[in-house]
Amino acid sequence: MHADVTAAAPAELLSDYQPGAFFLSSPAGVVLADEPSAVHTTIAAAKQAQLASGGVLAGAVPFARTAPARLGLYPSVRHGQPWHMATPTLGTLDRPDFSGADDSRDGYVAGVREALERIRSKQLSKVVLARVLDLRSDRPVLTGKLLERLIARDPYGYTFATDVGAGSLVGASPELLVSRRNGLVTANPLAGSAPRHADPVQDGRNATGLLVSEKDRHEHEVVVKAVAEGLAPLCARVAVPPTPELLPTRTMWHLSTLITAEPLPGVSALDLAIALHPTPAVCGTPTEPARALIGELEPFDRGFYTGLVGWTDASGDGEWAIALRCGVVDGTSLRLYAGAGIVAGSDPDKELAETTAKFRTFLNAIGLGDLT
């Protein structure tokens with residue numbers, strides 16, 4: 001049995017979204033899936049169930065490979081045109097009153113300094129360290145409204161919401177990990193970032209500085225190489241552009257490389273995503289020492305942050321984004337995540353500023369930019 005697919009306007013799909021459903025808006029289109037026939041916590045079980053009955057697998061895979069996934073098998077999904085091709089109206093947002101404090105700044109800077117010591121001692125060459133921001137509202141946080149605001153700020157991004165058991169993972173990632181569509185594989189690694197600036201002249205300087213930064217170019221090259229090598233066993237004709245481009249979001253500049261390839265027979269979008277996860281862009285290099293240092297220095301469980309969110313149909317087509325610029329909504333609580341790549345030459349204060357800028361992607365969309 002293959003999943004029934006129905007088409008709808010993107011605004012209609014957003015309006016029909018209810019907490020607990022799967023929603024993804026990307027440059028390729030909008031996907032909404034609800035009422036799964038089953039929910040699987042292991043990738044192997046999810047793939048076996050899809051092989052037996054068809055349907056679409058959609059949901060999230062955590063950062064830690066040993067942690068439970070949250071993958072629903074849906075007999076019916078709805079697709080809409082890309083959001084940037086639509087002309088939806090943006091409703092008003094009744095801003096809740098949030099309380100909470102960001103007491104992670106000093107601990108984060110100390111963690112970056114310790115990571116730099118490990119890098120200097122040659123234990124690893126890169127590690128990505130994250131912070132959390134815990135907020136509590138005076139009323140339930142409306143996931144649908146968060147989605148609406150996040151899409152309005154960046155209709156070309158990967159805006160998502162999916163059930164993760166204890167709440168909904170909601171975010172607006174700039175980064176496609178991998179997609180497979182009509183015989184073409186696409187991956188778009190991002191690494192190396194600089195904040196946007198309200199002054200156009202300074203904004204241009206930030207962009208130019210990023211493009212010529214030896215530190216950021218090296219960080220980007222490491223990620224691109226890892227993604228290309230991860231695709232190679234599962235694909236033919238992997239094509240990698242020789243130099244990165246600048247990718248802008250509302251709050252950040254990113255170095256971006258668009259990699260294309262042809263999948264080998266039987267290789268699905270989910271297979272490709274799992275083969276690439278985690279990339280050095282969200283973990284570090286080498287992977288295992290970086291993962292161990294993250295567990296040592298981060299005083300919280302990442303859960304699904306820097307994991308995967310996306311879908312794969314019975315034919316193997318689908319797309320998976322990295323869960324960035326995101327948070328978990330659980331009733332009246334909202335936990336946000338932001339991270340930065342630490343390499344030789346990193347400055348602890350600048351890495352702290354980068355995580356603060358990344359928090360603003362979410363906070364500005366809901367009128368809470370003053371919290372950072």
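Ala, Val, Leu, Ile, Met, Phe, Trp, Tyr, Cys and Pro count here as nonpolar, Asp, Glu, Lys and Arg as charged, and the others, Gly among them, as polar. With that sorting in hand, the lining of the largest cavity in this predicted model comes out as nine nonpolar, six polar and nine charged residues.

A search of the whole structure turns up two cavities of 30 Å³ or more, and the largest holds about 260 Å³ of space. Its lining is made of 24 residues, with S193, A281, G339, E354 and K358 lying nearest the centre. Two or more lining residues come from each of strand 9 (126-137), strand 14 (190-195), helix 6 (214-231), strand 23 (333-343) and helix 9. Strand 14 gives the most, with four residues.

The second largest cavity contains about 140 Å³ of space. Here 15 residues form the lining, and D154, A172, T249, R250 and T361 sit nearest the centre. At least two lining residues each are supplied by helix 4 (143-153), strand 10 (158-163), strand 11 (168-173) and helix 9. Sorted by class, the lining of this second largest cavity has five nonpolar, six polar and four charged residues.

Then there is the open space. The largest pocket has a volume of about 390 Å³, and of the 20 residues that line it, S193, A194, P195, K350 and E354 are the closest to its centre. S193 and E354 also turn up among the residues nearest the centre of the largest cavity. Strand 14, helix 5 (200-212), helix 6 and helix 9 each give two or more residues to the pocket lining. In this pocket it is helix 9 that gives the most, with six residues. The pocket lining divides into five nonpolar, six polar and nine charged residues.

Helix 3 (residues 105-120) packs on helix 9 (residues 348-365) at an angle of about 130°, and their axes are 9 Å apart. That angle makes helix 3 oblique to helix 9. The crossing of this pair is right-handed. On the helix 3 side, the contact is made by R105, Y108, V109, V112, R113 and L116, and these meet P348, D349, E351, L352, T355 and T356 of helix 9. Taken by class, that contact has six nonpolar, two polar and four charged residues.

Helix 4 is another partner of helix 9. The two pack at an angle of about 115°, with axes 8 Å apart, and they too make a right-handed crossing. Helix 4 brings L146, R149, L150 and R153 to the contact, while helix 9 brings T361, F362, N364 and A365. Four nonpolar, two polar and two charged residues make up the contact of helix 4 with helix 9.

Helix 3 also packs against helix 8. Their axes lie 11 Å apart at an angle of about 150°, which makes helix 3 roughly antiparallel to helix 8, since angles over 145 degrees are counted that way. This crossing is right-handed as well. The residues in contact are G111, E114, A115 and R118 of helix 3 and L293, E296 and L297 of helix 8. By class they are three nonpolar, one polar and three charged.

The peptide bond from H277 to P278 is cis, with omega near -10°, and P278 is found in the loop between helix 7 (269-276) and strand 19 (284-285). Another cis peptide bond joins T285 and P286, where omega is about -15°. P286 belongs to the loop that runs between strand 19 and helix 8 (287-297). Elsewhere, N182 has a positive phi of about 50° although it is not a glycine. N182 lies in the loop between strand 12 (176-181) and strand 13 (184-187).

Terms used
Residues numbered from 1 in each chain as written. Predicted model: local features only at pLDDT ≥ 70, side-chain atom pairs only at ≥ 80, totals over all residues. Heavy atoms only, no water. Axes fitted to C-alpha atoms, helices over the stretch in contact; angles between N-to-C directions. Parallel < 35°, antiparallel > 145°, perpendicular 65-115°, else oblique. Left-handed = near helix turned anticlockwise from the far one by under 90°. Contact = heavy atoms within 4.5 Å. 1 Å grid on protein atoms, 1.4 Å probe; cavity = no way out; pocket = protein on both sides within 12 Å on 5 of 7 lines; lining within 4 Å. Points joined across faces, edges and corners; volume = space filled by probe spheres on them.
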